[in-house]
Amino acid sequence: MINTKIYKAVYELAEKLMKAADKEDREAFDALYAELEAICTENESTDKDHPEQWETLADFTEELDEALAVYEKAFEKAVAVNSKDHMSSIAFSMAKLQVELGQTDAAISNLKNAQVTANKIEDGELKDEIDELLGKLTAG
């Protein structure tokens, strides 16, 4: 379970990051991203470390290769705490990036993993998105 104070901080930063991105305010975006990154780094390897903060950081990481590396870190943390919800959503996000990077085999592998972990979650919409993307990548 993520620390409530950290969850609120991460959630508020995510909202502000989206607003800065919508306004194309590079200076604000970079400052907010640095704040989020600091929260992740500060809590890493403590009892406050949680995959959600890393997944959020990856969501706002602009370089695809860097974002993929942050998602991988988030995934490892999700596995460590056995969070099926996070494992599913992170694997799905990784697969979408891998498709963009032309890494189809890796994307299919992540989607198959996401399918397995998604069997244990309630988010039907995420399950459908995983199945749909996997279907597109494996068809013909």
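**Exercise 1.** Which side chain meets Arg 26 in a salt bridge at 2.8 Å, N to O, and belongs to an Asp?

*Solution.* Before we start, this is a predicted model, where local features need pLDDT of at least 70 and side-chain atom pairs count only at pLDDT 80 or more, while totals for chains, interfaces and linings use all residues. Residues are numbered from 1 along each chain as its sequence is written, and side-chain values use heavy atoms, leaving out hydrogens and water.

Step 1: recall the rule, a side-chain nitrogen of Lys or Arg within 4 Å of a carboxyl oxygen of Asp or Glu. Step 2: the partner is Asp 30, with 2.8 Å from N to O. Step 3: check the spacing. Asp 30 and Arg 26 sit about one helical turn apart, because they are four residues apart in helix 2 (residues 26–43); helices here are DSSP runs of H or I, at least four residues, numbered from the N terminus.

**Exercise 2.** What links Glu 62 to Arg 26?

*Solution.* Step 1: it's a salt bridge, with the closest N and O atoms 2.8 Å apart. Step 2: Glu 62 is in the loop between helix 3 (51–59) and helix 4 (64–80) and Arg 26 is in helix 2, so the pair ties together parts 36 residues apart in sequence. Step 3: Glu 62 is partly exposed at 46% relative accessibility (buried is under 20% relative accessible area, exposed over 50%, partly exposed in between, with a 1.4 Å probe and protein chains only).

**Exercise 3.** How many salt bridges does the rule give?

*Solution.* The count comes to six.

Technical notes
Helix = DSSP H or I, 4+ residues; strand = E, 2+ residues; numbered from the N terminus.
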